[in-house]
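Subject: Structure for you to look at

Hello,

I am handing over the structure we spoke about. Please open it and keep it beside this note while you read.

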Amino acid sequence: MTKDLTHFDSEGRPRMVDVTAKEETARRAVAQGSVRFSQAAFDLVSREGVRKGDIRRIAELAGVMGAKKTAELIPLCHPLPISGVDVQVEPDSSLPGYKVTASVKTTGRTGVEMEALTAVSVACLTIYDMAKAVDKRIEIGSIQLVEKSGGKSGDYRCTDKASS
């Protein structure tokens, strides 16, 4: 099944989707991403930290701030009254690196998928910025929506093993 791209009108011009007629519902989105280090750099950061501060807590704060700024960064995103943002940065020795998860909530006419994805992206970029002095080959990846609820399109849950 092919759906139309909703951010373009019939003549191909970009537009912000009109959500006026949509019902307000409770909405939630969860996104994840990862930041992969070399083993030596991960061991060093895990053991000694970084001079700029607590890498995990600063990245979590940056992710919250990123979620709040999504409409300013993504041209056709609606500014939303976000009711909650939770960003968690956890070490993952199997990467080696960090796994980032963001959950965003609102009650509104459109979802918070972009806010969750932005939160993860900004948190991952913050980790990179804080640790680039010890490893220039840090890799940011696997940023994806893993769950959403609410709205006309219903619930979604990624069943791809890479998201777990």
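What follows is a short account of the salt bridges.

Please keep in mind that this is a predicted model. Seven salt bridges are present in the structure.

One of them joins Glu147 to Arg28, with 2.7 Å between the closest N and O atoms. Arg28 belongs to strand β1 (residues 25-36) and Glu147 to strand β4 (residues 139-149), so this pair ties together parts that lie 119 residues apart in sequence. Both ends are partly exposed: the relative accessible area is 22% for Glu147, and the relative accessibility of Arg28 is 28%.

Another salt bridge is formed by the side chains of Glu90 and Arg56, at 3.1 Å from N to O. Here the pair connects a strand with a helix: Glu90 is in strand β2 (residues 82-92), while Arg56 is in helix α2 (residues 55-68), so parts 34 residues apart in sequence are tied together. Glu90 is partly exposed, at 35% relative accessible area, and Arg56 is partly exposed too, at 21% relative accessibility.

Regards

How values were computed:
Residues numbered from 1 in each chain as written. Predicted model: local features only at pLDDT ≥ 70, side-chain atom pairs only at ≥ 80, totals over all residues. Heavy atoms only, no water. Salt bridge = Lys/Arg side-chain N within 4 Å of Asp/Glu carboxyl O. Helix = DSSP H or I, 4+ residues; strand = E, 2+ residues; numbered from the N terminus. Buried < 20%, exposed > 50% of the residue type's maximum accessible area, 1.4 Å probe, protein only.
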